[in-house]
Amino acid sequence: MPVKKKRKSKKPWGVFAAIILAILIGSWLGKDAKIFTISLYRIFDVAGNLFLNALTLVVVPLVSSSIISGIARIGKEGGFGRLGGKMFFFYFTTSIAAILIGLFFVNAIGPGHAKTVPLISAIEVEQLAHLKDQISAHGEETFIALLYQAIPSNIILAFSHGQMLALIFFSILFGFCVGKIDAHPASIVQGFFQGIFQTMIRFTQIIMKTLPIGVFCLVAKVFMNTGLSNLSSVALFLLTVILALATFMFVGLPLFLKFGARVSPWRHFKAMTPALVTAFSTSSSAATLPITIDCVEKRAGVSNRICSLVIPLGTSINMSGSALYECVAAMFVAQAYGIELGLTAQFLIVVLALITSIGVAGIPAASLVAILVIFKVIGLPPEGLGLFIAVDRLLDMCRTTVNVFSDSCCAVLVARSEGESQVLQEDPIEE
């Protein structure tokens, strides 16, 4: 019998080249560049949003089908309580580790103490008006409001608006009930949702063929708008956040993989490369979700039983990178306004960052709303957002990448704790 040769994974050099080219071209052209009286910024904006919409299109059916089929399967085996406990333990542990790393760096570097940090005048009038709208719309959101969002009166309406908390709650309960009904109808329902899940994964693979083009348009648009010169005014804050995120992603999470899961962190980085590149370019963990699931299951070797449950849930409630960013941003603004925060206040920021990161939507710039909530609780002026708004888009790309990688690490940790020996035992293979 002939031996089937293993196909080598394709290197994502095209995507990396698209990112570098987009940074150079976007910074060089600027927002006012035109071709035949047509705005290039508008062209990149439309093309990038079309790519983002194509990815987001599959999120609702993918999340609901994966959770329902996963819960139904686990419910029959009677292991949901054990598996759920492991999931939330790893979610909580990784998020706390991220926040503490961010707290260490912001205290050690003290970016807000730099005299070169611009104050409120740095924010554009247009941006300030938009942020005030966000404050009035979301600033008073409370835990009770989140409960109403999680348990809506009309699930079809919630699905149509892409409300992730409602989607997750309904899917978990629905899947649990499917696992408790008679075997024949249960198998029909489970087969239906498993078919939807596999179809959406195939749908995603088709969209991924346009990834380099979509990445180029999204990144070029960002740097046409901000350029490279705007980064200098808040360079210390930028450096603090990037160092903290890098430490968590390249030191903290690999330690979890090495000693918690006993797998090779390098192999996991290789397996997750397509998802990480997509997360960086889209700044949306929700839009990246289909690619994340595909990488964790097909390339990292985590079973569908674990992957279909841990990854969709993690996309909504395991925002480790966002939690780290919210902590650093609150401390930065307090330092810039000359407000000294003691251990008690810093502990409160840690708790708030953990809580607010759970409700953050997996869309670009969603963390700004959570930061406003923290500002309000600890008494910081909401205008403090103007201190770092110029670099938020770039940092959004970085923290989204960390969010996605953290979710994938939690899936590996859960899978290994469940005795799955095949996880990351071979180099990733392109399907």
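Predicted model: local features only at pLDDT ≥ 70, side-chain atom pairs only at ≥ 80, totals over all residues.
H13 covers residues 285-299. A straight helix of 15 residues would span 21 Å at 1.5 Å a residue, but H13 spans only 18 Å between its end C-alpha atoms. The helix is also mostly covered, with 14 of its 15 residues buried. Just after H13 comes Gly-301, which takes a positive phi of about 85°.

Of its 431 residues, 52% are buried. Contacts between residues at least 6 apart in sequence can be sorted by separation, and 84% of them join residues at least 24 apart. The chain exposes about 19600 Å², of which carbon and sulfur atoms supply 67%.

Cysteines come next. A disulfide is a covalent bond between the sulfur atoms of two cysteines. A search of the whole structure finds 0 disulfides. Cys-307 is in none, since the nearest cysteine sulfur, that of Cys-295, is 9.6 Å away, whereas a disulfide needs the two sulfur atoms within 2.5 Å. Cys-307 has 0% relative accessibility and therefore counts as buried. Cys-410 is likewise in no disulfide; the nearest cysteine sulfur belongs to Cys-409 and is 7.1 Å away. At 0% relative accessibility, Cys-410 also counts as buried.

Charged side chains do pair, and the count comes to 5 salt bridges. One of them joins Asp-45 and Arg-42, with an N to O distance of 3.3 Å. This pair is local: both residues are in helix H2 (residues 40-56), and because they are 3 residues apart there, about one helical turn separates them. Asp-45, at 14% relative accessibility, counts as buried, while Arg-42, at 52%, counts as exposed.

Another salt bridge runs between Lys-86 and Glu-418, whose closest N and O atoms are 2.6 Å apart. Here the pair links distant parts of the chain: Lys-86 is in helix H4 (residues 80-109), Glu-418 is in the segment after helix H18 (389-417), and the two are 332 residues apart. With the cut-off for buried set at under 20%, these partners fall on either side of it. Lys-86 has 21% relative accessibility and so counts as partly exposed; Glu-418 has 19% and so counts as buried.

Glu-418 also meets the side chain of Arg-305 in a salt bridge, at 3.2 Å from N to O. Arg-305 lies in helix H14 (residues 304-317) and Glu-418 in the segment after H18, so this pair ties together parts that are 113 residues apart in sequence. Both Arg-305 and Glu-418 are buried. Taken together, Lys-86, Arg-305 and Glu-418 are linked in a network of salt bridges. Glu-418 is the residue that pairs with Lys-86 and with Arg-305, and through these two pairs the segment after H18 is joined to H4 and to H14.

Conventions: Residues numbered from 1 in each chain as written. Heavy atoms only, no water. Helix = DSSP H or I, 4+ residues; strand = E, 2+ residues; numbered from the N terminus. Expected span 1.5 Å × (residues − 1). Buried < 20%, exposed > 50% of the residue type's maximum accessible area, 1.4 Å probe, protein only. Salt bridge = Lys/Arg side-chain N within 4 Å of Asp/Glu carboxyl O. Contact = heavy atoms within 4.5 Å. Areas by Shrake-Rupley, 256 points an atom, 1.4 Å probe, with all protein chains shown as cover.
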